[in-house]
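Hi everyone, thanks for coming. Please have a look at the protein on the screen, and I'll walk you through it step by step.

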Amino acid sequence: MTDDDLYSSAQGIRQPDPTLGKKPLPSETVRPAVSLSTPAEPAAKPRRQRVVLAAPRRMSSASMRARVELAEQTSWGKLLVKDLVKVQLRAGLLLFGLVVVALGVLPLLFHHAPELAAWRVIGIPLPWIVLGILPFPLLFGVGLWYNRLAERHERDFVAMIEN
């Protein structure tokens, strides 16, 4: 029977293999012959395999737990965030106090030392220069300082969570 006869007898539909899904009997299994002597022909080259020297970084269970605690807002996660906010607030209040003291002392200085208030630089009274122009670079510098402190606190927080 040829392939054409198979298709014509099944009306163009090929019949499935009758042995499909059945286990072969032990007598029907064919096992390859094993030779204990050296083979006459060289063995096939082994397949190339890509080797990765660095495994992907995996989070430790402690850092994963800390992230879950933060995400779920558990009591420990809230405590961690609260500590970060306290540190940021402390840094902000400290720098605010520095600015208030630095700028608050100047009017008192000019009030108690009237001879300094009489000085002129390029025809402009010294109090106007010190109180009207110099606070801006001071505020800019304090702002940069606070920004760096805040970023350092956040980096420390993240390092604590990941370790």
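Let's begin with helix H6: it has 28 residues, and from its first C-alpha to its last it reaches 40 Å, close to the 40 Å expected at 1.5 Å a residue. That expected span is 1.5 Å times one less than the number of residues in the helix. Helices here are DSSP runs of H or I with at least four residues, strands are runs of E with at least two, and both are numbered from the N terminus.

A word on where this comes from. This is a predicted model, in which local features need pLDDT of at least 70 and side-chain atom pairs count only at pLDDT 80 or more, while totals for chains, interfaces and linings use all residues. Residues are numbered from 1 along each chain as its sequence is written, and side-chain values use heavy atoms, leaving out hydrogens and water.

Now the overall plan. The protein has six helices and two strands, and from the N terminus on they run α-α-α-α-β-β-α-α. Of its 163 residues, 16% are buried. Buried means under 20% relative accessible area, exposed means over 50%, and partly exposed is in between, with a 1.4 Å probe and protein chains only. Take contacts between residues at least 6 apart in sequence: 61% of them join residues at least 24 apart. A contact means heavy atoms within 4.5 Å.

Next, helix H3, residues 75–112. How far apart are the end C-alpha atoms of H3? They are 54 Å apart, which agrees with the 56 Å that its 38 residues should span at 1.5 Å a residue. Buried residues in H3 include Leu 80, Leu 84, Gln 88, Ala 91 and Leu 95. Here is a handy rule: an α-helix has 3.6 residues a turn, so residues three or four places apart point the same way. In H6, the buried residues include Leu 149, Ala 150, His 153, Phe 157 and Ile 161.

Let's see what two of these residues touch. His 153 is in H6, and it counts as buried because its relative accessibility is 18%. Not counting residues up to four places away in sequence, His 153 touches Leu 84, Val 87, Gln 88 and Ala 91. Gln 88 sits in H3 and is buried as well, with a relative accessible area of 12%.

On to the cores. Which residues form the largest nonpolar core? There are six: Ala 66, Leu 70, Leu 80, Leu 84, Phe 157 and Ile 161. Helix H2 (61–72), H3 and H6 (135–162) each supply at least two residues of this core. Apart from it lies another core of five residues, among them Ala 91, Leu 95, Val 99 and Val 142. By nonpolar core I mean a set of buried Ala, Val, Leu, Ile, Met, Phe, Trp, Tyr and Cys residues joined through side-chain atoms within 4.5 Å. As background, nonpolar side chains tend to be buried together in soluble globular proteins.

Leu 70, one of the residues of the largest core, touches Gly 77, Leu 80, Val 81, Phe 157 and Ile 161, leaving out residues up to four places away in sequence. Glu 69 also lies in helix H2, and it is buried, with a relative accessible area of 19%. Beyond residues up to four places away in sequence, Glu 69 touches Thr 74, Trp 76 and Gly 77. Glu 69 and Leu 80 are 11 residues apart in sequence, and their C-alpha atoms are 9.3 Å apart in space.

Finally, the strands. Ile 122 is in the loop between strand E1 (120–121) and E2. Is Ile 122 buried or exposed? Ile 122 counts as exposed, because its relative accessibility is 82%. Its phi is near 55°, a positive value in a residue other than glycine. Ile 124 is in strand E2, residues 124–125, and at 39% relative accessibility it counts as partly exposed. Leaving aside neighbours within four places in sequence, Ile 124 is in contact with Trp 119 and Ile 129.

That's my tour, so please ask away!
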